[in-house]
Amino acid sequence: MPAKLRLTGRQHEILRRHLFPGDGKEAVALCLCGHRRGEDMILCVRSMHPIPHEACSVRTSEAVVWSTDSLPALLEEAARRGHAVLKVHSHPQSYDQFSTRDALSDRTVFASVYGWVDGPGPHASAVMLPDGRMFGRIITPEGGFEPLASIAVAGSELRIWRAGPEDEVVPGFMLRHRQLFGEGTSRLLRNLSVAIVGASGSGSPMFELAVRLGIGRIVLVDPKLVDEKNLNRMINVTREDIGKPKVTVLAAAAERIGLGTEIVPVPKSIATASAVRAVAGCDVILGCVDSAEARHIMSRIATFYCMPYIDVGVRINADGAGGVNQICGAVHYLQPARSSLLSRGAYSMEDVRAEELRRTDPERYQDQLDDGYITGVRVDRPAVIHLNTLVASLGMNELLARLHPFRLGSNDEFWVTRISLTGGLISEDFTPEPPPCALLAHHVGKGDVRPLLDLPEIHEDDV
């Protein structure tokens, strides 16, 4: 079974500072990881435990020998919580392979890990190079080695290192992309997997852009059917499609386009287990919904599974007399373990509870609405295709900027882009990013738990 490894940007930076303290010698750290189990196993770094440099009896440019005194306590925690163990060490001389000495160390350490932690694992070992690149492998219970399919860092840049050669053939239709972004980024797009949640107003242009850019795999999530009101805002939809699932209509359109993107239509609510698991298996989440509940679930997926999340939002405030007071939109880039849409004030937990209640128990929702216990959920806010397409395009540009940094400033300075058609502006917010989300921070890297995402309302559905 192929396996992948994911870290947050903050985790990667902490490891890099410890593994490369500036003395040119190897160093080592241990991590505990949550799992995402399924067709692809994904290890998500949950906690880091650097081995102090002074606890290493040998530290040279080619070797490190470290004390295992802290290992029993760590293995007890791994066994108690069902976590995987990850060993990471440095190669200061940029040697981009595991050495014979590494093999001996891994077999010795992980024999103890498998002897202490019940279950088949997997557990893993990784190497970091001075430029931050990483490669790794799974260690089997028998002491064998299998390369990690990929290692991804969800930071200010989205960095993904894949084992072996990526898809070497860049299709002819991607020639212009290659001229703009280079061969490496074009291949990265071709091997990228994105989840697009929402297939209507902003979701359908986002889907169109993803297909035309040559993104290799798209998981498209939306439970609704096409109806007449979608005809003025959904790309590639006709009257003949009314009554069909939105995701299958767009998947058929991509098939007709014929650019080779694999489409996985998920005609489910994001509040179902099968949709959560499908999204968690992707490299990036692109949120194209106007629901606080859906945004909160996507925020939790990104946190539990160490994923980047780009959210696009559109709002048109009508004046009730045939005009509008405000036409605006926003694109948020969100990293696990940092600020969230909740801490940025994009929604409140009252909004989430109201929408969840309206979805699961409409009668009780109406009773509480009538009694004044909750605020009414906004339904069918007006939307227009030119605004949806503009904001979707800004969202896709945000993804490209994180894959292939092209801004004049550091990506770390950019966390939200706002537009106002009534104000005539597109602006990046250069104020400091809000602090980490207190509600989500302690969930980073948990992976699969029961209940899924620690949300009882995420019910198991028929897959």
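The model is predicted, so local features need pLDDT of at least 70 and side-chain atom pairs count only at pLDDT 80 or more, while totals for chains, interfaces and linings use all residues. Residues are numbered from 1 along each chain as its sequence is written, and side-chain values use heavy atoms, with hydrogens and water left out.

**The whole protein**

You will find 12 helices and 19 strands here; these are DSSP runs numbered from the N terminus, with at least four residues (H or I) for a helix and at least two (E) for a strand. Of the 463 residues, 53% are buried, meaning under 20% relative accessible area with a 1.4 Å probe, protein chains only.

**Helix H7**

Helix H7 covers residues 246–257. Its 12 residues should span 16 Å at 1.5 Å a residue, and the end C-alpha atoms are 17 Å apart, which agrees; the expected span is 1.5 Å times one less than the number of residues. Which residues of H7 are buried? They are Lys 246, Val 247, Val 249, Leu 250, Ala 251, Ala 253 and Ala 254. Their cover includes helix H6 (203–212), strand E13 (217–221) and strand E14 (262–266). After H7 comes Gly 258, with a positive phi near 80°.

**Two empty spaces**

Rolling a probe the size of a water molecule over the atoms shows where empty space is left. On a 1 Å grid over the protein atoms alone, a cavity is a set of points where a 1.4 Å probe fits but cannot get out, and a pocket is an open set with protein on both sides within 12 Å along at least five of seven lines; lining residues have an atom within 4 Å of a point. Grid points are joined across faces, edges and corners, and a volume is the space filled by probe spheres set on the points.

| Space | Volume | Lining |
|---|---|---|
| Second largest pocket | about 470 Å³ | 20 residues |
| Largest cavity | about 110 Å³ | 16 residues |

Strands E13 and E14 and helix H8 (273–280) each supply at least two residues of the pocket lining. Arg 36, Glu 39, Asp 40, Arg 217 and Gly 281 lie nearest the centre of this second largest pocket, whose lining divides into five nonpolar, five polar and 10 charged residues.

For the largest cavity, Thr 303, Gln 335, Ser 339, Ser 340 and Leu 440 lie nearest the centre. Helix H9 (residues 292–304) gives the largest share of the lining, three residues.

Technical notes
Buried means under 20% relative accessible area, exposed over 50%, partly exposed in between (1.4 Å probe, protein chains only). Contact means heavy atoms within 4.5 Å. Ala, Val, Leu, Ile, Met, Phe, Trp, Tyr, Cys and Pro count as nonpolar, Asp, Glu, Lys and Arg as charged, and the others, Gly among them, as polar.
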